[in-house]
Amino acid sequence: MPTTHHIAQFNVARMLAPLDTPTMIDFVAGLDPVNELADDAPGFVWRLTGEDEGVPSSTDIRPYDPDSIVTMSVWETPELLWEFVYRSGHLEYLRRRQDWFHHLAEITQVVWWLPAGTVPTVAEGKERLDHLREHGPTPYAFTFRNRFPAPTTDTEERAAEVA
């Protein structure tokens, strides 16, 4: 049976230094290899490249402030997204995040369901993360730890959108 919904993820990180500095050299060097891992991973559907927002690279998108960068992607299931994040070469870079990014006390990642074939926008990712920060996990915006099941009807989906 075809999947009617996919899972989207959006996260934000505040850099310790600009991307063109020695502090960030290993992070920048890892961008292409990690993106290739994602592109080839089971369940991968789409990722923010920058072209979607009219800029050369996703690292040029700064919806919060000039020191913050975002990532956003879409996956067939939360389990396949989790496998990529925590069971692939991506984990090596995730473990080093303190080398490149400030620790933020607030929530930095959000996930949500969207109809299969839908491409989210950065504005939508920001809206979902802001909603999660303000209201906690809901069907509209949640976390890996506090997941909600995919909507099963259009009515359920509309109800989640207004939560």
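Which residue in strand 4 does Asn-11 stand opposite? Keep that one in mind while reading these notes on the model, which is a predicted one.

1. Let's start with strand 1, which covers residues 5–14. Of its 10 residues, 8 are buried, so the strand is largely enclosed by the rest of the structure.

2. Now for the neighbours. Strand 1 runs antiparallel to strand 4 (residues 109–115), and 7 bridges join the two. Here's the reply to the opening question: Asn-11 has Gln-109 of strand 4 opposite it.

3. Strand 1 has another partner, strand 3, and this pairing is antiparallel too, with 8 bridges. If you'd like a spot to look at, find Ala-8, which stands opposite Val-74 in strand 3.

4. Next, have a look at Asp-65. You'll find it in the loop that lies between strand 2 (44–47) and strand 3 (68–75). Is Asp-65 buried or exposed? Its relative accessibility is 19%, and the cut-off for buried is under 20%, so Asp-65 counts as buried.

5. Last, the record. An unreviewed UniProt entry places the feature "domain: DUF3291" at residues 7–146.

Key
Residues are numbered from 1 along each chain as its sequence is written. This is a predicted model: local features need pLDDT of at least 70, side-chain atom pairs count only at pLDDT 80 or more; totals for chains, interfaces and linings use all residues. Side-chain values use heavy atoms; hydrogens and water are left out. Helices (H or I, at least four residues) and strands (E, at least two) are DSSP runs, numbered from the N terminus. Buried means under 20% relative accessible area, exposed over 50%, partly exposed in between (1.4 Å probe, protein chains only). Two strands pair if DSSP finds at least two bridges between them. UniProt positions are given in the numbering used here, feature names are shortened, and annotations may be inferred rather than shown by experiment.
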